[in-house]
Amino acid sequence: MLLKKVYTLVFISKDQQILLGLKKRGFGVNKWNGFGGKLEPNETIVEAASRELKEECCIRVKTTDLKNIGHLEFTFEGDKTMMEVRVFGSKLFEGIPRETEEMLPKWFPCNNIPFDDMWPDDRIWFPYMLKGQLFYGRFHYKDLDTILNYHIEELKSMEEFYNRNL
Ligand SMILES: COc1nc(N)nc2c1ncn2[C@H]1C[C@H](O)[C@@H](COP(=O)(O)OP(=O)(O)OP(=O)(O)O)O1
């Protein structure tokens, strides 16, 4: 029986560029990623997504402007926890990205994503996100660098996916 922990992951984009942050501490340190984290008590998923974005790079986005674009699940060999990551995207935001204690933000052209310095799973599902396709991905890691097996699929609708699975 797996213990599920829910996380958010937000990607802001503009003019064929995507905002990534270099994680400065904790899980995923020294990797480029979107912005996100765990839910706080009594917080909805979109509230958590918007809060984490602001805390990690000072960008503000309305919860109603966050579009759920994907769903990821991560498990690690020998660990009974499943990380469930709700992925959001938005082109509507306010503010200029600023470095915080947790993240160093930087805009990357969509055709020059720094996959060598990212989680290995990103190479597999980013192409769906960059093409504007909804996706579901499930990844089982042997260790932090090695994927043992995975499943990825394009989704027609996130609502249909959640009705089917949750
Ligand atoms: C394992 O593969 C992963 N790939 C990708 N692309 N993203 C991942 C992976 N595992 C976790 N993530 C994402 C999910 C979250 O957005 C962050 C991790 O969140 P964090 O542990 O930093 O959560 P916080 O609540 O901010 O943590 P603290 O406040 O306790 O530091 O990475």
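This is a predicted model: local features need pLDDT of at least 70, side-chain atom pairs count only at pLDDT 80 or more; totals for chains, interfaces and linings use all residues.
Colleague: OK, and what pLDDT does the protein average?

Modeller: The average is 97, and 99% of the residues score at least 70. pLDDT is the predictor's confidence in each residue, from 0 to 100. For the complex, the predictor gives an ipTM of 0.96 and a pTM of 0.97.

Colleague: Let's do α1. How many residues does it have, and how far does it reach?

Modeller: Helix α1 covers residues 45–57, so 13 residues, and its first and last C-alpha atoms are 18 Å apart, close to the 18 Å expected at 1.5 Å a residue. That expected span is 1.5 Å times one less than the number of residues. Helices here are DSSP runs (H or I, at least four residues), strands are too (E, at least two), and both are numbered from the N terminus.

Colleague: Which residues of α1 are buried?

Modeller: Val46, Ala48, Ala49, Ser50, Glu52, Leu53, Glu56 and Cys57. Buried means 20 or more other C-beta atoms within 10 Å of the residue's own, exposed means 12 or fewer, and partly exposed is in between, with C-beta atoms placed from the backbone.

Colleague: And what covers those buried residues?

Modeller: The cover includes β1 (3–14), β2 (17–23), β5 (81–90) and β6 (103–109).

Colleague: What happens just after α1?

Modeller: Cysteine 58 takes a positive phi of about 65° there, although it is not a glycine. Cysteine 58 sits in the loop between α1 and β4 (67–76). It counts as partly exposed because it has 16 C-beta neighbours inside 10 Å.

Colleague: I've also got asparagine 42 on my list. What is its phi?

Modeller: Positive as well, about 65°, and asparagine 42 is not a glycine. Asparagine 42 is in the loop between β3 (32–33) and α1.

Colleague: Is asparagine 42 buried or exposed?

Modeller: Exposed, because asparagine 42 has 6 other C-beta atoms within 10 Å.

Colleague: Switching to the ligand. Which residues come nearest?

Modeller: Of the 16 residues around the ligand, Tyr7, Gly36, Gly37, Lys38 and Trp119 come nearest. The elements giving two or more residues to that shell are β1 and β5, with β1 supplying the largest share, three residues. To be in the shell, a residue's C-beta atom, placed from the backbone, has to lie within 6 Å of the molecule.

Colleague: How does the shell split by class?

Modeller: Seven nonpolar, six polar and three charged residues. The classes are Ala, Val, Leu, Ile, Met, Phe, Trp, Tyr, Cys and Pro as nonpolar, Asp, Glu, Lys and Arg as charged, and the others, Gly among them, as polar.

Colleague: What feature does UniProt place at residues 1–131?

Modeller: The record has "domain: Nudix hydrolase" there, from an unreviewed entry. UniProt positions are in the numbering used here, feature names are shortened, and annotations may be inferred rather than shown by experiment. In the model, residues 1–131 are 17% helix and 37% strand, and the end C-alpha atoms are 35 Å apart.

Colleague: Now aspartate 121. Where is it found?

Modeller: In the loop between β6 and α2 (122–130). Aspartate 121 is partly exposed, with 18 other C-beta atoms within 10 Å.

Colleague: What is aspartate 121 in contact with, leaving aside neighbours within four places in sequence?

Modeller: Gly137, Phe139, Ile147 and Tyr150. Isoleucine 147 is 26 residues away along the chain, yet the two C-alpha atoms are 7.5 Å apart.

Colleague: And methionine 129, buried or exposed?

Modeller: Buried, with 20 other C-beta atoms within 10 Å. Methionine 129 is in helix α2. Leaving aside neighbours within four places in sequence, methionine 129 is in contact with Phe11, Ile69, Gly70, Gly89 and Phe135.

Colleague: Last one, glycine 78. Where does it lie?

Modeller: In the loop between β4 and β5. Glycine 78 counts as exposed, with 7 C-beta neighbours inside 10 Å. Its C-alpha is 8.6 Å from that of lysine 142, 64 residues apart along the chain.

Terms used: Residues are numbered from 1 along each chain as its sequence is written. Two residues are in contact if their C-beta atoms, placed from the backbone, lie within 7 Å.
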